[in-house]
Amino acid sequence: MVDNDLEMEAPSTIQAAADTLTNGESAAGEMVPVSSMVHSADQFGGMVVRSAQVRKVLKSVSQLSPYKATVLITGESGTGKELVAHALHTLGSNPTGPFVTLNCSNLVDSLAESQLFGHIRGAFTDAREESRGYFRAANGGTLFLDEIGELPLKLQPKLLRSVETHEVQPVGSSQCYKVNLRLVAATNRDLRAMVRAGQFRDDLYFRLSASAIFIPPLRERREAIPAFIGFFIEQYNRLFGKHVSEISRRAIDILCAYQWPGNVRELSNAIESAVILSESDRIAVPDLPEQIVDGTGADLMYPPDESPSNILAPAQVARRSPTVDAHAEAPGFLLDDVIKRTLMRSLEETEGNRRRAADLLGVSRSTLYRMLTRYGIAETPQRLSVQPTL
Ligand SMILES: Nc1ncnc2c1ncn2[C@@H]1O[C@H](COP(=O)(O)OP(=O)(O)O)[C@@H](O)[C@H]1O
Ligand SMILES: [Mg+2]
């Protein structure tokens, strides 16, 4: 289907792109004011809430926050799980209480139980002092257990018991302590698959997942990307004392087309570096990270039908990476792709004869030369290759 469209539309598309190039600057395209990209209505409590999905997440947060019920937040890395955990805390009944974060992948196996529940003096060889543990440190507030999928199996029954009884029993102690806190757990892994594989206890899973919030990946809420771009440009302007006030339409199109395996965190990092690199008060394509412009950063993408818990060999990930789909979704990016492929095809069909290729495309030879340079297409006797355009 794409191929047919390609043939029918190529000459006029090429000519239009050539016209754009002839009009001076326009290679970078139209500039868009940053102020037009993010509105106060798209923000809530320091969060961008531009997409319907994130509004739904926020609705769940406001429904759950008054209660101390345990909440499980799921979503790929960088989707905003920690931000949502904070929102549950600050909108909850005791926002001035402590917010304590424990990343379960940092638990040291032999000490994990004591890290969570504390220990009494002399409980084990190195226990010279009593320790309260994370649970009691979070008393009166929120305990955020990040990467809950990494919680050692043998600790899971004890965690479940604490969740159900609101009590903790320090290692070596016969005494239990009441705790009054909200537990929020987060994971980027498919806990259900882990339960099936015997890597996570089903009883704990059912307890945690009773109130669950799923945050969709950024590529499934692309309509929010311009608002994020504006939000992060303003944030990094403030942080670095910069005054970026415009970004090129083409840069926006590229950012909207990319797959964002690292989600909002990756977008935030990309804008941070673009703000730092921009020499004028504008961001254009050359200011964006190269792997985003050429789409190779998306090689880190997990295949859509696999969860991050099913770790694949890098070669497998690369082979199944849906990089091309990213381009197909965004009109701005697709245009470049279509032009490049059409140029290459015209050269292939004419065996590299530029005069005939120009005739085939219905453009002058000088236009063809300019387009080949512009799109970084180098001709070799056997093969035609494309270099990334910047
Ligand atoms: N909706 C949002 N609005 C503003 N910033 C966001 C949003 N979602 C994520 N972020 C930012 O993206 C980064 C990653 O978010 P984080 O909560 O740490 O993700 P996760 O815990 O899922 O890996 C943080 O800098 C966070 O502030
Ligand atoms: Mg996180």
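Two strands count as paired if DSSP finds at least two bridges between them. In this predicted model, strand β11 (residues 246-248) meets that criterion with β12, the two running in the parallel sense over two bridges, and E246 stands opposite R282 in β12. The chain contains 17 helices and 14 strands. Of its 390 residues, 36% count as buried.

**Ligand site**

- The shell around ligand 1 comprises 14 residues, of which V48, G80, K81, E82 and V264 come nearest.
- At least two residues of this shell are supplied by each of β3 (47-48), α3 (81-90) and α11 (263-277).
- By residue class, the shell around ligand 1 divides into five nonpolar, six polar and three charged residues.
- Ligand 1 lies between domain 1 (2-41 + 221-384) and domain 2 (52-214), because both domains give residues to its shell.

**Nonpolar cores**

- In soluble globular proteins, nonpolar side chains tend to be buried together.
- The largest nonpolar core of this chain has 74 residues, and those touching the most other members are I73, V84, V184, F228, I229, A251 and I254.
- Both domain 1 (2-41 + 221-384) and domain 2 (52-214) give residues to this core, so the core lies between them.
- When neighbours within four places in sequence are left aside, I229 is in contact with M37, I247, I252, L255 and I271.
- Another core, of five residues, lies apart from the largest one; A357, A358, L368 and M371 are among its members.

**The three-stranded sheet**

- Three strands form an open sheet with mixed pairing, in the order β1-β11-β12.
- The edges are taken by β1 (31-33) and β12 (282-283); each has a single partner strand, so one side of each is left without a neighbour in the sheet.
- Strands of a sheet pair through backbone hydrogen bonds, either parallel or antiparallel.

**Helix α10**

- Helix α10 (residues 249-257) is largely enclosed by the rest of the structure, because seven of its nine residues are buried.
- The buried residues of α10 are R250, A251, I252, I254, L255, C256 and A257.
- Two of these, A251 and I254, belong to the group that touches the most other members of the largest nonpolar core, while I252 and L255 are in contact with I229.

**Contacts along the chain**

- Among contacts in the chain with a separation of 6 or more, 74% are accounted for by residues 24 or more positions apart.

Terms used. Residues numbered from 1 in each chain as written. Chains lettered and ligands numbered in written order. Predicted model: local features only at pLDDT ≥ 70, side-chain atom pairs only at ≥ 80, totals over all residues. Near = placed C-beta within 6 Å. Helix = DSSP H or I, 4+ residues; strand = E, 2+ residues; numbered from the N terminus. Nonpolar A, V, L, I, M, F, W, Y, C, P; charged D, E, K, R; others polar. Domains from an automatic or database assignment. Core = buried A, V, L, I, M, F, W, Y, C linked by C-beta atoms within 7 Å. Buried ≥ 20, exposed ≤ 12 C-beta atoms within 10 Å, placed from the backbone. Contact = placed C-beta atoms within 7 Å.
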